[in-house]
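This briefing describes selected features of the structure shown below. The points are grouped by topic.

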Amino acid sequence: MTAVGIDAIEVRTGRLQLDLAETFAPEKGDDPEKYTKGLGLHRSSFPDAYEDIVTMGANAAHRLMERKGLEPEDIGRIDVATESAFDNSKPVSTYVAGCLEQVYDGDFHHANKGERKFACIAGTQSLDDAVNWILAGRNRGRGALVIATDTALYTRGDPGEATQGAGAVAMYITEDPDVVTLSTEQGYGSADETDFLKPNQQFPSVDGKRSIQVYLSRMREALTDFESVAGSTHPDDYEYIPFHTPYPGMVRKAALLGFRHMIRNTEIEDELASEIGRQPRREDFDSREEFDDAIRDHMDDLKETDAYREWYADAIEPTLSISSQVGNWYTGSVHLARLSALKHAAENDVDLAGKKLLVASYGSGAQAEFHAETVQAGFRDEVAACNVDEQIDARYDLTFGEYEDVHDRHNHEKSSELEPFTQPDAEFVFDGWGPMNERKYTYVE
Ligand code: CAA
């Protein structure tokens, strides 16, 4: 069968940053380690006055097209995934195409454009749509541009405020790709949940504690479903496991559950039995409560074992590096986790070509999805060409007062002007509103 997957990845972070330990924690009267250790976040990205989901998406896509030498006619599809859209009818992909047409001679008039919505999992769903379009042979030799772009803002004072972030991930999907191919096997865990939602409002209504439980339940369901088609999973099968990362602490919880699941009835469980006993089995307990207590105790012990710690350090920790510096990018987050892993492999000379990733996506509301990816030999060059670290280091560091002004500037209910903190340089910028309340964009040399 044709191998289809991601041929190139580019990232665009918002050009401002909020330091959680130095700037946010003191204002909130919190111990900085709540953020750096508890949530696992150091800094969050924010958009400058002239940035938004369109500019970040278009700038990431433009850099990708330039790097790969692509022209508009090479692209048969532009899918944007976002949960920060400002229009219920006109998709963000049309704005992105309009931006790109300002700098290319050709146009995207024969490209299919759309917008995907299912909270953070929409980025992976768009990737899926693109892969399926190519596998179905409908692409006429062209590739698909998938853009996951979000400004993840919460109401000020909401517990989610510490997990904010803003940025875009652009991916080019083709046959015989350079970065990863996707498995046809997938597993889903999906249920009608009201953990996190935005009923025609910009900032989410969130039940934070419940959202953690829903994330874990749907992930467990999706992994079991994946195994029903792909066979049992084992920690040795996957070099890295990139998870949707609202904050690294969430992944810490999910990874422990995942490890426990994967080692059940394996030689790893046998080896650990003398140290911490075997995993509790439901049939050995009279009540659900007793079983749950035993599982909790077992997980506390498992977390401290060398086997778990080493696996976590190798397969999970490397996926969290970008996220800890930029916060939650919603639809882009799991794709940043994959990129972090690939970067880690390239920088540490890990021989990853031909090896597998297990990708765990999630969207509130709620749905989780697992699929496997096979890393391609070209991943090293692709990662080397991606300038995410440079972008992260170049961000303007906000004071708390400036952060509040930036938050207001991007609040759709307010129309607050703000002098930019940075200078646009060869990029698309937001340029005000047109007569039909449309947003306008210009390319600044
Ligand atoms: N030193 C070290 N650790 C500390 C600490 C300190 N001084 N103080 C607190 N901590 C730890 C806590 O023990 C906790 O860790 P555990 O969960 O492992 O126990 C962690 O830091 C966070 O502390 P709190 O639970 O007290 O934090 P909170 O209640 O203020 O906020 C949150 C946490 C509810 C997740 C909040 O950030 C939130 O609402 N976030 C938005 C929703 C979210 O991201 N949910 C995740 C799943 S849903 C999803 O994934 C979709 C999505 O993208 C939104």
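Asn 200 lies in the loop between β9 (196–197) and β10 (205–206). In this predicted model, Asn 200 has a positive phi of about 50° although it is not a glycine. Asn 200 is also exposed, with a relative accessible area of 73%. The points below turn to other backbone features, the ligand site, aromatic pairs and several individual residues.

**Backbone features in loops**

- Ala 119 is a further non-glycine residue with a positive phi, here about 40°.
- The loop that holds Ala 119 runs between β5 (112–116) and α5 (122–135).
- Ala 119 has a relative accessibility of 13% and therefore counts as buried, whereas Asn 200 is exposed.
- The peptide bond between Gly 365 and Ala 366 is cis, with omega at about 5°.
- Ala 366 belongs to the loop between β11 (356–363) and β12.

**Ligand site**

- The ligand is surrounded by 26 residues, and the closest are Lys 34, Lys 209, Ser 211, His 244 and Lys 253.
- By class, this shell consists of twelve nonpolar, eight polar and six charged residues.
- In the side chain of Lys 34, an N or O atom lies 2.8 Å from an oxygen atom of the ligand.
- For Ser 211, a side-chain N or O atom is 2.8 Å from a nitrogen atom of the ligand.
- An oxygen atom of the ligand is 2.9 Å from a polar side-chain atom of His 244.
- The ligand taken alone exposes 1,000 Å², of which the protein buries 74%.
- Two or more residues of the shell come from each of α2 (32–39), α6 (208–230) and α7 (248–263).
- The element that gives the most to the shell is α2, with five residues.

- Ser 228 is located in helix α6.
- With a relative accessible area of 55%, Ser 228 is exposed.
- Ser 228 and Glu 185 are 43 residues apart in sequence, and their C-alpha atoms are 9.4 Å apart in space.
- Arg 260 is located in helix α7.
- The relative accessible area of Arg 260 is 7%, so this residue is buried.
- Beyond four places in sequence, Arg 260 touches Arg 220, Gln 279, Ile 295, Met 299 and Leu 302.
- The C-alpha atom of Arg 260 is separated by 14 Å from that of Ser 217, a residue 43 places away along the chain.

**Glu 373 in strand β12**

- Strand β12 (residues 367–375) contains Glu 373.
- Glu 373 has a relative accessible area of 1% and is therefore buried.
- A polar contact of 2.7 Å joins the side chains of Glu 373 and Arg 338.
- Arg 338 is also among the residues that Glu 373 touches when those up to four places away in sequence are not counted.

**Thr 55 in helix α3**

- Helix α3 (residues 53–68) contains Thr 55.
- Thr 55 counts as buried because its relative accessibility is 0%.
- A polar atom of the Thr 55 side chain lies 2.9 Å from the backbone nitrogen of Asp 52.
- Leaving aside residues up to four places away in sequence, Thr 55 touches Tyr 50, Phe 428, Val 429, Phe 430 and Tyr 441.

**Aromatic pairs**

- A pair of aromatic rings is described by the distance of the centres and the angle of the planes.
- Across the whole structure, a search finds 19 aromatic pairs.
- Planes over 60 degrees apart count as edge-to-face.
- Within this pair, Phe 86 has 25% relative accessibility and so counts as partly exposed.
- Tyr 95 counts as buried because its relative accessibility is 8%.
- Ring pairs also link Phe 24, Tyr 35, Phe 46, Phe 400 and Tyr 403 into a cluster.

Terms used
Residues are numbered from 1 along each chain as its sequence is written. This is a predicted model: local features need pLDDT of at least 70, side-chain atom pairs count only at pLDDT 80 or more; totals for chains, interfaces and linings use all residues. Side-chain values use heavy atoms; hydrogens and water are left out. A residue is near a molecule or strand if one of its heavy atoms lies within 4 Å of it. A polar contact is a pair of N or O atoms within 3.5 Å; within protein, one must be able to donate a hydrogen and the other to accept it, and residues adjacent in sequence count only if both atoms are side-chain atoms. Accessible areas come from the Shrake-Rupley method with a 1.4 Å probe; for residues, only the protein chains shown count as cover. Helices (H or I, at least four residues) and strands (E, at least two) are DSSP runs, numbered from the N terminus. Ala, Val, Leu, Ile, Met, Phe, Trp, Tyr, Cys and Pro count as nonpolar, Asp, Glu, Lys and Arg as charged, and the others, Gly among them, as polar. Buried means under 20% relative accessible area, exposed over 50%, partly exposed in between (1.4 Å probe, protein chains only). Contact means heavy atoms within 4.5 Å. Rings of Phe, Tyr and Trp (its six-membered ring) pair if their centres lie within 6.5 Å; planes under 30 degrees apart count as stacked, over 60 as edge-to-face and the rest as tilted.
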